Amino acid sequence: MSELVVRVSEVAPTSLQKLAEEVQETVLLTRRTGDLVVCVDCAESETRTVRISYERGSALPLNAGAAALILLAWSAEDEARRLLEAADLRRFTPATLADVDALVGRLGRIRRLGYSITRGELDPDVVGISAPIRNQDGQVVAAVSVAALASRLYPEPEAEVVQKLLVMAGEISERLALAAA
């Protein structure tokens, strides 16, 4: 296991559990390994659970889910395009994007927003919201995400989750930078 993964795994668990309790949904920590996205850790809400494709240790392709898109969004466009063109872009649901041009265009929008939201792209009826975790150099090295049933995450709670997620991603990034210093 790389030093970075160990550091992220060391600084994030308390934050993941705190966020899971605050938003009462599942929270995931993921990182990119080549053309796959690996779930490094997760925290479940004690009051609400959702069955999702990401479990600790599982690996999924780059085109599916909010975390995957976050992990690609801050790559150089030519690198992202190269990775997507070489990858097996699986469709998990009818909403899963598998067109490289559409995905690259979406990555630009994600960078402008600073977070990613997907709806039913990996698991039917599940909304994924993800934010980047950055190292001391500002590079995106991991993603923190919330996965929730769409019926529980209509617009107002969704906006609250996005804000809490962005704050938590910033806090984890700060702790990661301090651990590297």
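Student: Which residues does V144 touch, skipping those up to four places away in sequence?
Tutor: This is a predicted model, so keep that in mind. V144 touches L16, V27, L28, I129, S130, A131, I133, L165 and A169.

Student: What core is V144 part of?
Tutor: V144 belongs to the largest nonpolar core, which has 27 residues. V144 is among the members that touch the most others, along with L19, V27, I129, I133, V146 and L165.

Student: Which elements each supply at least two residues of that core?
Tutor: They are α2 (13-23), β1, β2 (36-43), β5, β6 and α6. The most comes from α6, with seven residues. There is also a second, separate core of 21 residues. It includes V37, I70, A87 and L103.

Student: Why would nonpolar residues gather like that?
Tutor: In soluble globular proteins, nonpolar side chains tend to be buried together.

Student: OK, tell me about α6. How many residues does it have, and how far does it reach?
Tutor: Helix α6 covers residues 155-180, which makes 26 residues. From first C-alpha to last, α6 reaches 37 Å, close to the 38 Å expected at 1.5 Å a residue.

Student: Which of the α6 residues are buried?
Tutor: The buried ones are E158, V161, V162, L165, M168, A169, I172, S173 and L176.

Student: Switching to the sheet. What's the strand order?
Tutor: The order is β3-β2-β1-β6-β5-β4. It is an open sheet of six strands, with antiparallel pairing.

Student: Why is one side of β3 and of β4 left without a neighbour in the sheet?
Tutor: β3 (59-61) and β4 (116-119) stand at the edges, and each has a single partner strand, so one side of each has no neighbour in the sheet.

Student: How much are neighbouring strands turned against each other?
Tutor: By 30 degrees on average, direction ignored.

Student: And where does α6 sit on the sheet?
Tutor: α6 packs on the sheet, touching β4, β5 (126-134) and β6. The direction of α6 makes about 30 degrees with that of β5.

Student: How many bridges join β5 to β6?
Tutor: Nine, and the two strands run antiparallel. One example is V127, whose bridge partner in β6 is A148. The hairpin of β5 and β6 has five residues between the strands. In that hairpin, G138 takes a positive phi near 85 degrees.

Student: What about β1 and β6, how many bridges there?
Tutor: Five bridges, also in the antiparallel sense, between β1 (residues 26-33) and β6 (residues 140-149). L29 stands opposite V144, and L28 stands opposite S145.

Student: Is β6 mostly covered or mostly open?
Tutor: Mostly covered. Nine of the 10 residues in β6 are buried.

Student: New topic: R106. Where is it, and is it buried or exposed?
Tutor: R106 is in helix α5 (residues 100-113). R106 counts as buried because its relative accessibility is 13%, and the cut-off for buried is under 20%.

Student: What does the R106 side chain have within reach?
Tutor: A polar atom of that side chain lies 3.2 Å from the backbone oxygen of I117. Apart from residues up to four places away in sequence, R106 touches L69, L97, I117, T118 and E121.

Student: So what's up with T118?
Tutor: T118 lies in strand β4 and is buried, with a relative accessible area of 4%. The side chain of T118 reaches the backbone nitrogen of A66 at 3.3 Å. Beyond four places in sequence, the contacts of T118 include G65, A66, L69, R106 and V126.

Student: Last one, zooming out. How many helices and strands are there?
Tutor: Six helices and six strands. From the N terminus on, they run α-α-β-β-β-α-α-α-β-β-β-α. Of the 181 residues, 51% count as buried. Among contacts between residues at least 6 apart in sequence, 61% join residues at least 24 apart.

Terms used:
Residues numbered from 1 in each chain as written. Predicted model: local features only at pLDDT ≥ 70, side-chain atom pairs only at ≥ 80, totals over all residues. Heavy atoms only, no water. Helix = DSSP H or I, 4+ residues; strand = E, 2+ residues; numbered from the N terminus. Expected span 1.5 Å × (residues − 1). Buried < 20%, exposed > 50% of the residue type's maximum accessible area, 1.4 Å probe, protein only. Pairing = 2+ DSSP bridges. Axes fitted to C-alpha atoms, helices over the stretch in contact; angles between N-to-C directions. Contact = heavy atoms within 4.5 Å. Core = buried A, V, L, I, M, F, W, Y, C linked by side-chain atoms within 4.5 Å. Polar contact = N/O pair within 3.5 Å; in protein donor to acceptor, adjacent residues only side chain to side chain.
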